[in-house]
Amino acid sequence: PITVPGADWVNVVSINNAGVVLGNTQTQGFLRYPDGTMETFDFPSSIWMMGFNDNNEFIADDQGEWRGVRRSVLRRADGTIRTVVVPGADATLLQAINNQGVTAGTSLDSNLVPHGFVRMPGGRYKMFDVPGAVYMEARALDSQGTVAGSYSDADRNYSVFIRTKAGALTTFALQNSYTHV
């Protein structure tokens, strides 16, 4: 079992190809290495680890607010931690990171309209929308820059989208089912 000193509970988020485990406790995030050593992360506000890559770069949801804006956190392989806020967004949620350090996620504008985005390592954003979506999550990102996620329309019909690096968008749904990537 994975135990973290002082933790009442442990939530495992992911494991990478090197066998490193990313997770959360009630007060901190952690990386557990295959040899059993652990690296823990304490932040000034409530953080929830969301994902990481084979370089041990991770993304986290900062569940506190900074200047009235909900934001995400990105930790690079060199240990640099930066706040990520989509310009003009009221909320930013990083939800995926690939081995090239490209991230993907969802932002909300001041009208609570969701927008997907891909963020390049240098900080450049490529924004995208799923037509008719009133809710969406950009949840997965592959090494070629293709994003997959789920969304719903105003009638609460849930579907899946796939967006290629070139911007081609495909949507689909399974009949009579709740769809969530």
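**Charges.** I began with the charges: the mean positions of the 14 positive and 17 negative charges of the protein chain lie 6 Å apart. Lys and Arg count as positive, Asp and Glu as negative, while His and the chain ends are not counted. I placed each charge at NZ of Lys, CZ of Arg, CG of Asp or CD of Glu.

**Basis.** This is a predicted model, where local features need pLDDT of at least 70, side-chain atom pairs count only at pLDDT 80 or more, and totals for chains, interfaces and linings use all residues. Residues are numbered from 1 along each chain as its sequence is written, and side-chain values use heavy atoms, with hydrogens and water left out.

**Whole chain.** I found 0 helices and 16 strands in the protein chain; these are DSSP runs numbered from the N terminus, helices being H or I of at least four residues and strands E of at least two. The C-alpha trace spans about 45 × 35 × 30 Å along its principal axes. I looked up burial next: 43% of the 181 residues are buried (under 20% relative accessible area, with exposed over 50% and partly exposed in between; 1.4 Å probe, protein chains only).

**G29.** I then turned to G29, which sits in strand 3, residues 29-32. G29 counts as buried because its relative accessibility is 1%. Leaving out residues up to four places away in sequence, G29 touches G23, N24, E39, T40, F41 and M49; contact means heavy atoms within 4.5 Å. I also checked N11, which is 18 residues from G29 in sequence and 9.3 Å from G29 in space, C-alpha to C-alpha.
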